[in-house]
Amino acid sequence: MLTTIIYRSHLRDHVPVTVLEDMVVAANEKNSKAGVSGILLFNGKLFFQLLEGPDESVRAIYQTICADERHHNVVELLCDYSPARRFGKTGMELFDLRTYDRREVLQTVMDKGTTRFQLIYNDRALQFFRTFVEESEIENYFEIPPADYWEFIPDTSDASVRTLHTRYSETCSFAFQPIIDPMARERVTLEALIRTPSGEPAQRWFEGLQGDEIYAADLKSKSVAFAMASALGLGEQSLSVNLLPMTLVNVPDAVNYLLQEIAANGLVPEQIVVEFTENEVISRLDDFTGSVRELKAAGIGVAIDHFGGGFGGLLLLAQFQPDRIKINRDLIRDIHKSGPRQAIVLAIIKCCTTLEILISAVGIEKAEEWMWLESAGVSQFQGHLFARPELAGIPAIAWPERTEDI
Ligand SMILES: Cc1cc2nc3c(=O)[nH]c(=O)nc-3n(C[C@H](O)[C@H](O)[C@H](O)COP(=O)(O)O)c2cc1C
């Protein structure tokens, strides 16, 4: 079995194009020894390369290429398996697109294809060649600076950073984590995350509940979230709370209960957003749709959490339109390196922009993930990179600051 990897990358600004010649000679030798075929396209700024051969060799070479300082923003576009080589000759061949007529270069690449494996236009790998040569996706090739371009220092001088010292309930507690707009230096909303009274994670809190009592407890816990947020000085900011979709369906008068508790804590419905997890919503969509209408009619916002993590996410946008979606961490992890994740998230952004649905990206851990998403048009973020959830408190936010020595 043969493995094919296709990636694109940017030549670093300080690297002269003349280094390519020596690099290609060395790569040609290394690839030949490893039984790998490499076709490299270069347009004066961007690289595009196909590597194919035995799985281990292709992956090993790709790893060294990823670590090569002469280029950056390496994005894997395709990793696939095929029964035969597209390009028979092992080694490395460079096509400098600046010296070719654009219309001829694809034909020239196809001519290099093995006769056994007829390169035809419905071959995915060849379609990637075409897209690169025709530059039809070029607006999505974001060039982001290295991670150390920014530093993240928690702003402990912020007056809203505080911790509660009173226990608000014997049954649960909450940790608070902000969703922020880093470039505008704004806190957009605060999410209340359920914890056990001693601060253990949500899963441990749910484990302590039996059968249907889970729904009543889920609903009741929100009064604790409202009370704590109010005591922390939420002011006019918005607060997100999580709710199991079936809590609304199973507990009689759930929306009225929420409204009473919101008012009892000096808050207004318009500043509350209820988040539901995508997977849980899909399993009982019809029952749930009526409850969402009630929430919306009461002025409470609705968000879909972990969007893109399950199976019906896009359909949810059609069936009931939330005010906000939070893109699942699995889609965001290392997004700056992954062509498929980039394509999915760009499609989600396009869809939500058309529907005027706000997007936030959660679980941001790396500066590059944040920078790529900012370039793609996302402006609201939540994650350890900026602030970890704080038990019974509002954490200091690490706003991105430009490092001085770059
Ligand atoms: C755009 C680009 C494409 C490259 N393609 C290959 C390649 O196909 N095969 C290869 O061995 N090295 C390639 N290299 C060079 C590798 O990154 C690395 O410098 C080389 O494998 C030598 O690594 P080593 O000194 O650890 O053996 C490429 C570098 C760049 C910037």
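Mentor: A cavity here is a set of points, on a 1 Å grid over the protein atoms alone, where a 1.4 Å probe fits but cannot get out; a pocket is an open set with protein on both sides within 12 Å along at least five of seven lines, and lining residues have an atom within 4 Å of a point. The model is predicted, so local features need pLDDT of at least 70 and side-chain atom pairs count only at pLDDT 80 or more, while totals for chains, interfaces and linings use all residues. Residues are numbered from 1 along each chain as its sequence is written, and side-chain values use heavy atoms, with hydrogens and water left out.

The lining of the largest cavity consists of Arg8, Asn73, Val75, Asn140, Phe142, His336, Gln342 and Trp372. Its volume is about 30 Å³, where a volume is the space filled by probe spheres set on the points, with grid points joined across faces, edges and corners. One cavity of 30 Å³ or more is counted. By class, three of the lining residues are nonpolar, four polar and one charged; Ala, Val, Leu, Ile, Met, Phe, Trp, Tyr, Cys and Pro count as nonpolar, Asp, Glu, Lys and Arg as charged, and the others, Gly among them, as polar.

As for its place in the chain, there are two parts to consider: domain 1 (2-140) and domain 2 (147-402), with bounds from an automatic or database domain assignment. Because both domains give residues to the lining, the largest cavity lies between them. The domain centres, taken over C-alpha atoms, are 42 Å apart. Six residues from domain 1 and seven residues from domain 2 make the contact, meaning heavy atoms within 4.5 Å.

The second largest pocket belongs in this picture, since it too lies between domain 1 and domain 2, both of which give residues to its lining. Its volume is about 460 Å³. Of its 19 lining residues, Cys66, Asn73, Val74, His336 and Lys337 lie nearest the centre; Asn73 and His336 are also named in the cavity lining. Helix 2 and strand 4 (71-82) each supply at least two lining residues, and the largest share, five residues, comes from strand 4. Helices (H or I, at least four residues) and strands (E, at least two) are DSSP runs, numbered from the N terminus. The lining of this pocket has eight nonpolar, five polar and six charged residues.

Tyr7 and Tyr62 form a tilted pair, at 5.6 Å centre to centre and 40 degrees between the planes. Tyr7 sits in strand 1 (residues 2-11) and Tyr62 in helix 2 (residues 55-66), 55 residues apart, so to speak a link between distant parts of the chain.

For contrast, the largest pocket holds about 690 Å³ of space. It is lined by 30 residues, with Glu191, Leu193, Asn242, Asp305 and His306 closest to its centre. Strand 9 gives the largest share of that lining, five residues.

How values were computed: Phe/Tyr/Trp six-rings, centres within 6.5 Å; stacked < 30°, edge-to-face > 60°.
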